[in-house]
Amino acid sequence: MRSFSTGLILGVIVGAVGFWFVQKKAHEHPEAEKRYEQSAAQLRGSATEAAHNMSDALRAKLDTLDLRPDQIRDELTRSGKIFRRKAQESGDQVVNAASDARVITETKAKYAADTTLSVSSISVECSEGHVALSGTVTSPDDIGRAVAVALDTAGVRDVTSTLEVKPKA
């Protein structure tokens, strides 16, 4: 135990000295510090541009699939559900229970990674590549997003959504 404590204390001291040294060198070389700040600013700009491009791509996909909020509201009023089929029919795929489980897992993982969709309020079922979504979302736009994300999962043939809109309280 004593050697662990000694090693920990020594590690903290070495870390502090290293940090001090790097800070001292940065102040001695302001041009290097300036290049670092410029690189960081370029990186932030690139990340922002990539996020905008992804957002534009999703908007284009929602338009292509007729998943705009007004279309979703109209379709929900008419039939109570949303149904979309992939443009390329995947009828030749061999579909089994394992691939259905993978589709469910992959779709839920995509919902978990999406900041606007709640994986806990959207139920995903799959049978032979036919996906059914149920549960609640906060807007018609979220229904379109959920359908588009599910359609973008490999092995999905079509998606039927009975998601309901329940705004946050």
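The model is predicted: local features need pLDDT of at least 70 and side-chain atom pairs pLDDT 80 or more, while totals for chains, interfaces and linings use all residues. Residues are numbered from 1 along each chain as its sequence is written, and side-chain values use heavy atoms, without hydrogens and water.

R102 forms a salt bridge with E106, their closest N and O atoms being 2.9 Å apart; the term denotes a side-chain nitrogen of Lys or Arg within 4 Å of a carboxyl oxygen of Asp or Glu. Both residues lie in helix α4 (residues 97-113), 4 residues apart, about one turn of the helix. Helices (H or I, at least four residues) and strands (E, at least two) are DSSP runs numbered from the N terminus. E106 counts as partly exposed because its relative accessibility is 30%.

The structure holds 4 salt bridges. For another of them, select E75 and R84, whose closest N and O atoms are 3.0 Å apart. Are these two residues buried or exposed? E75 counts as buried at 12% relative accessibility, and R84 is buried with a relative accessible area of 11%. E75 lies in helix α3. Leaving aside residues up to four places away in sequence, E75 touches G80, K81, I82, F83 and R84, where contact means heavy atoms within 4.5 Å.

Now display helix α3 (residues 69-79) together with helix α5 (residues 140-151): their axes come within 8 Å and cross at roughly 95°. Therefore α3 is roughly perpendicular to α5, a label for angles of 65 to 115 degrees. The axes are lines fitted to C-alpha atoms over the stretch in contact, with angles from 0 to 180 degrees between N-to-C directions. P69, I72, R73 and L76 of α3 meet P140, D141, I143 and G144 of α5.

Move to helix α1 (residues 2-28), which contains V17. V17 is partly exposed at 48% relative accessibility. Together with I9, I13, W20 and F21, V17 forms a nonpolar surface patch of about 540 Å² accessible area.

Finally, show the whole protein chain, which has 5 helices and 5 strands. From the N terminus, the order is α-α-α-β-α-β-β-α-β-β. Of its 169 residues, 25% are buried.

Note on methods: Patch = residues over 30% accessible without salt bridge, like charges linked within 9 Å, V, L, I, M, F, W, Y side chains within 5 Å. Areas by Shrake-Rupley, 256 points an atom, 1.4 Å probe, with all protein chains shown as cover. Buried < 20%, exposed > 50% of the residue type's maximum accessible area, 1.4 Å probe, protein only. Parallel < 35°, antiparallel > 145°, perpendicular 65-115°, else oblique.
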